[in-house]
Amino acid sequence: ETDSTRAQESTLYLAMQLCDEGSLKALLSASKKALRESQAAAAVWQALRALEYLHDKGFVHMAVCASNLLLHSSGELRLVDFKHWSVVRDWAMGFL
């Protein structure tokens, strides 16, 4: 076993659907207008659902922002950029 083999074994790869509609930040910048209340509510709800899923699995995403929310062609948001995340310790799970 070589060092490169060990490094590959410790690398986590994520696969997700293609989100070619851009980020929420890019959408907001391009439109130069605020989202309607219903659109903002839907975006926040989807982001919170993604975070709830991660928290239930014991992970914390530490870079939640509009540029890390990508738009899928279905209109749904996908949370990306897992460079900054943490595993929640068992004792802290009750506080999430």
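A residue is called buried under 20% relative accessible area, exposed over 50% and partly exposed in between (1.4 Å probe, protein chains only). The legends below show a predicted model, in which local features need pLDDT of at least 70, side-chain atom pairs count only at pLDDT 80 or more, and totals for chains, interfaces and linings use all residues. Residues are numbered from 1 along each chain as its sequence is written, and side-chain values use heavy atoms, with hydrogens and water left out.

**View 1. The chain as a whole.** Let's start with the overall layout: three helices and four strands, arranged along the sequence as α-α-α-β-β-β-β. Helices (H or I, at least four residues) and strands (E, at least two) are DSSP runs, numbered from the N terminus. Of the 96 residues in the protein chain, 21% are buried. The chain exposes about 7,500 Å², with carbon and sulfur atoms supplying 57% of that area; accessible areas come from the Shrake-Rupley method with a 1.4 Å probe, and for residues only the protein chains shown count as cover.

**View 2. The largest nonpolar core.** Here you can find nine residues: Leu24, Ala43, Ala47, Leu51, Leu54, Leu69, Leu71, Leu77 and Leu79. Helix 3, strand 2 and strand 3 each give at least two residues to this core, and helix 3 has the largest share, with four. A nonpolar core is a set of buried Ala, Val, Leu, Ile, Met, Phe, Trp, Tyr and Cys residues joined through side-chain atoms within 4.5 Å.

**View 3. Phe82 in its loop.** Phe82 sits between strand 3 (77–79) and strand 4 (85–87). Its relative accessible area is 30%, so Phe82 counts as partly exposed. Beyond the neighbours within four places in sequence, Phe82 is in contact with Leu14, Leu54 and His61. The C-alpha atom of Phe82 is 7.9 Å from that of Ala63, a residue 19 positions away along the chain.

**View 4. Asn68 and its partner Asp81.** Asn68 belongs to the loop between strand 1 (59–61) and strand 2 (69–71). With a relative accessible area of 8%, Asn68 is buried. The side chains of Asn68 and Asp81 make a polar contact at 3.4 Å. Such a contact is a pair of N or O atoms within 3.5 Å; within protein, one must be able to donate a hydrogen and the other to accept it, and residues adjacent in sequence count only if both atoms are side-chain atoms. Not counting residues up to four places away in sequence, Asn68 also touches several others, among them His61, Ala63 and Arg78.

**View 5. Two salt bridges.** Side chains of opposite charge can pair when their charged atoms come close. The count here is two salt bridges, each a side-chain nitrogen of Lys or Arg within 4 Å of a carboxyl oxygen of Asp or Glu. One joins Glu52 to Arg49 (3.9 Å, N to O); these two residues lie three apart in helix 3 (residues 37–56), about one turn of the helix. Glu52 is partly exposed at 43% relative accessible area, and Arg49 is partly exposed at 45%. Another salt bridge links Glu76 with Arg78, whose closest N and O atoms are 2.9 Å apart. Glu76 is partly exposed too, at 39%.

Technical notes
Contact = heavy atoms within 4.5 Å.
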